[in-house]
Amino acid sequence: PVKEIRSEGDRKIVTLHDGTELSAYAVLVTVGGEPTKLGVVGETEYHGRGVSYCAVCDGAFFKGADLAVIGGGDSAFQEGLFLTRFANKLYVVHRRNEFRAQAILQDRLLKMEKVEPITPAEVKEIGGNGDVKWIDIERDGKIERVNVEGVFVFIGFKPVGRYLFREHIDHDKNGYLITDQYMRTSIPGVYAAGDTRAQLAKQITTAVGDATTAVLHAERYIEELKDLERAFPSEPKEVVAQTASKAELVVFAPDDIVLKAGDPADRFYMVIKGEAEATQRGPDGSQVVINRFGPGDYFGEIGLLNDAPRKATVRAKTSLELMALDRETFAKLLRSSQATEDEVRRVAAERTRAATPR
Ligand SMILES: Cc1cc2nc3c(=O)[nH]c(=O)nc-3n(C[C@H](O)[C@H](O)[C@H](O)COP(=O)(O)OP(=O)(O)OC[C@H]3O[C@@H](n4cnc5c(N)ncnc54)[C@H](O)[C@@H]3O)c2cc1C
């Protein structure tokens, strides 16, 4: 299993428990989570011998048995409903009087004759003779013994993704990793999908769908990272990774206008696929081509450097895919390397000179 993931330049280093180190440009974290434990005597000892955290996995081993479900939320009730297929009797043990589960689940489960709620009650111990035979619960300050052969615990879920990182990774108050719509986390090149990610549904369908989105975006990220490294070889690798993670992919059809002379300058562009053409109005009013851009070329720097409106119009010549950086990301890229800034300023000056009518 994976022990730790850390950033090193533009790479993620994945360290396994046996010490093996793997290096990758991007990592997708899909480690799910683990059920919250009761933390009572007998729970660990009887895990797999009557204590379970998965009714679907283990319910069928308890045909005709008396069982207890611990918890009062949707999971406890959903799993409890499943267990009623096998149980002779099902106790629902919850530490509060009120259940948190949806009303419809409560209605369905609690109206069954074989179901008996025990509230407000806390499990204090799980015991037996090699297999679970009873639980001790505390209700109204008194300990009561309830005879059961299976204890199904659904009192919460702890996502584990964030524990793989020593550096900060954004997570919500319950520990779920926060991502954007492309499954990007706050660490450049690190994606998250499935149960370890903050989301509404913990379902197989969403886990698989989110992972698909993440992989498609990660491919794009790696491509952009390499394009940026080729264009700005002096840039520190970790800044390139941060820049690529902030880049936005924009797509244009042939003849679409990417930016227009006179418009405010807000973004910097690099061509990923296709061709574009920059034009300026000539003395006779016609559009004169002043530059052509192909894969790896960039444009839009002049307006940003001078904080001035666009001097030229750029149009897609073919289907065009561009990587766009906002003003702040572009400024950070320049600030991080004097050589990058000098080179971009040199290109801008040369283009300005070439475009100025003589
Ligand atoms: C009892 C039960 C019933 C369910 N029924 C349904 C259902 O009917 N329909 C439905 O859509 N969903 C159901 N779900 C939810 C569904 O199983 C999850 O939403 C889905 O499996 C999430 O996928 P995941 O990849 O995020 O996490 P998981 O499926 O939990 O996979 C995470 C994997 O990562 C591994 N892992 C953890 N830490 C590490 C590490 N450090 N290094 C390497 N590997 C690690 C784990 O061993 C595990 O194999 C059910 C869940 C439970 C518990």
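Colleague: In this predicted model, which residue in β21 is the bridge partner of Tyr269?

Modeller: Strands of a sheet pair through backbone hydrogen bonds, in a parallel or an antiparallel sense. Here Phe299 in β21 is the bridge partner of Tyr269. The two strands, β18 and β21 (residues 298–299), pair in the antiparallel sense over 2 bridges.

Colleague: Over how many bridges do β18 and strand β23 pair?

Modeller: β18 and β23 (residues 320–326) are joined over 6 bridges, again in the antiparallel sense. Within β23, Met323 stands opposite Met270.

Colleague: Why is strand β18 described as largely enclosed by the rest of the structure?

Modeller: A residue is called buried when its relative accessible area is under 20%. In β18 (residues 267–273), 5 of the 7 residues are buried, so the strand is largely enclosed by the rest of the structure.

Colleague: In what order do the strands β10, β11 and β12 form their open sheet?

Modeller: The order is β10-β11-β12, with antiparallel pairing. β10 (121–128) and β12 (142–147) are at the edges with a single partner strand each, so one side of each has no neighbour in the sheet. On average, neighbouring strands of this sheet are turned by 25° against each other, direction ignored.

Colleague: Which residue of β11 is the bridge partner of Glu125?

Modeller: Asp136 in β11 is the partner of Glu125. β10 and β11 (residues 132–139) pair over 7 bridges, in the antiparallel sense.

Colleague: Which domains does the assignment give for the chain?

Modeller: The assignment gives domain 1 (2–34 + 158–230), domain 2 (37–155) and domain 3 (247–355). The C-alpha centres of domain 2 and domain 3 are 64 Å apart.

Definitions and conventions: Residues are numbered from 1 along each chain as its sequence is written. This is a predicted model: local features need pLDDT of at least 70, side-chain atom pairs count only at pLDDT 80 or more; totals for chains, interfaces and linings use all residues. Side-chain values use heavy atoms; hydrogens and water are left out. Two strands pair if DSSP finds at least two bridges between them. Helices (H or I, at least four residues) and strands (E, at least two) are DSSP runs, numbered from the N terminus. Axes are lines fitted to C-alpha atoms, for helices over the stretch in contact, and angles run from 0 to 180 degrees between N-to-C directions. Domain bounds come from an automatic or database domain assignment. Buried means under 20% relative accessible area, exposed over 50%, partly exposed in between (1.4 Å probe, protein chains only).
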